[in-house]
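Subject: Structure for you to look at

Hello,

Here is the structure I said I would pass on. Please open it and keep it in view while you read the notes below.

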Amino acid sequence: MIKGFIFDLDGVITDTAASHYTAWKKMSDEMGWDFDHKVNDKLRGISRMDSIQVILDHNTTSLSEEAKAELAAKKNDLYVASLENMTSEDYLPGAKELLIHLRTEGFSVALGSASKNAIKVLKQLNANAFFDVIGDGNSVSKSKPEPDIFLYGAEKLNLQPAECIVFEDAESGIDAAKAGGFYSVGIGPKERVGHADLRFDSMAEATLFEVKAHFKNLFS
Ligand code: G16
Ligand code: MG
């Protein structure tokens with residue numbers, strides 16, 4: 001039986017990809033590195049330090065761990081500053097409605113994000129009350145596609161993976177959900193999240209009614 005839901009943050013609850021892009025772009029420009037939307041899309045769902053490695057590889061450049069950490073901190077300062085402009089109006093369409101519906105029906109809900117800024121983002125959205133457990137980039141050391149962040153959420157909710165549905169917009173996030181034995185819902189195109197148990201183009205279509213209709217044997 002499904003008793004809980006675990007949500008990724010960026011790309012599922014809210015769209016921070018544009019803010020991440022602006023910050024990485026500014027840093028790359030300052031370093032004289034190439035960075036565009038195609039490279040930015042590869043950073044979806046992966047950790048900050050893994051992201052900087054992707055950018056370095058794209059530019060066939062290497063740096064010491066210390067220099068990488070310094071640049072990542074610089075990018076993060078830019079990104080965090082941009083979060084000040086985020087408000088409770090910035091949910092992706094459909095996301096808040098689904099969270100309200102899950103609360104009304106008494107499901108357990110956890111966050112399972114790779115971001116170390118997740119608490120700040122939830123605060124800007126005024127979304128804290130929708131989550132029983134917050135799993136973020138500070139909760140586990142192995143990031144997606146390892147299942148650790150979702151296993152952390154399930155354990156804190158006192159649920160088994162097979163009692164939870166994970167919502168994810170990243171290929172690595174669906175891989176992580178599958179590796180952990182969770183049911184998965186992918187948000188985005190088939191080429192990215194077509195391997196999820198169920199897929200929607202956007203959160204606007206991802207209603208509890210549709211989810212229940214698909215996983216009908218798993219709801220009482
Ligand atoms: C998010 C984004 C990634 C970002 C990562 C780490 O993951 O999708 O692009 O690199 O968080 O973010 P931060 O630099 O804030 O720690 P998710 O898992 O919420 O989609
Ligand atoms: Mg995401």
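In which loop does N126 lie? N126 sits in the loop that runs between α6 (118-125) and β3. Keep in mind that this is a predicted model. N126 is not a glycine, yet its phi is positive, at about 60 degrees. There are 13 other C-beta atoms within 10 Å of N126, so it is partly exposed.

T60 is also not a glycine and has a positive phi, of about 40 degrees. T60 is found in the loop between α3 and α4. With 6 other C-beta atoms within 10 Å, T60 is exposed.

The axes of α3 (residues 48-58) and α4 (residues 65-83) come within 10 Å and cross at roughly 110 degrees. The two helices are therefore roughly perpendicular to each other. In their contact, α3 supplies R48, M49 and I52, and α4 supplies K68, L71, A72 and N76. Sorted by class, these are four nonpolar, one polar and two charged residues.

One peptide bond to check is the one from K144 to P145: it is cis, with omega near 20 degrees. P145 belongs to the loop between β3 (133-135) and α7 (148-157).

Last, the ligand. Around ligand 1 there are 20 residues, of which D10, S113, A114, S115 and K116 come nearest. The shell is made up of five nonpolar, ten polar and five charged residues. Ligand 1 lies between domain 1 (4-15 + 89-218) and domain 2 (17-83), because both give residues to its shell.

Regards

Notes. Residues numbered from 1 in each chain as written. Chains lettered and ligands numbered in written order. Predicted model: local features only at pLDDT ≥ 70, side-chain atom pairs only at ≥ 80, totals over all residues. Near = placed C-beta within 6 Å. Nonpolar A, V, L, I, M, F, W, Y, C, P; charged D, E, K, R; others polar. Domains from an automatic or database assignment. Axes fitted to C-alpha atoms, helices over the stretch in contact; angles between N-to-C directions. Helix = DSSP H or I, 4+ residues; strand = E, 2+ residues; numbered from the N terminus. Parallel < 35°, antiparallel > 145°, perpendicular 65-115°, else oblique. Contact = placed C-beta atoms within 7 Å. Buried ≥ 20, exposed ≤ 12 C-beta atoms within 10 Å, placed from the backbone.
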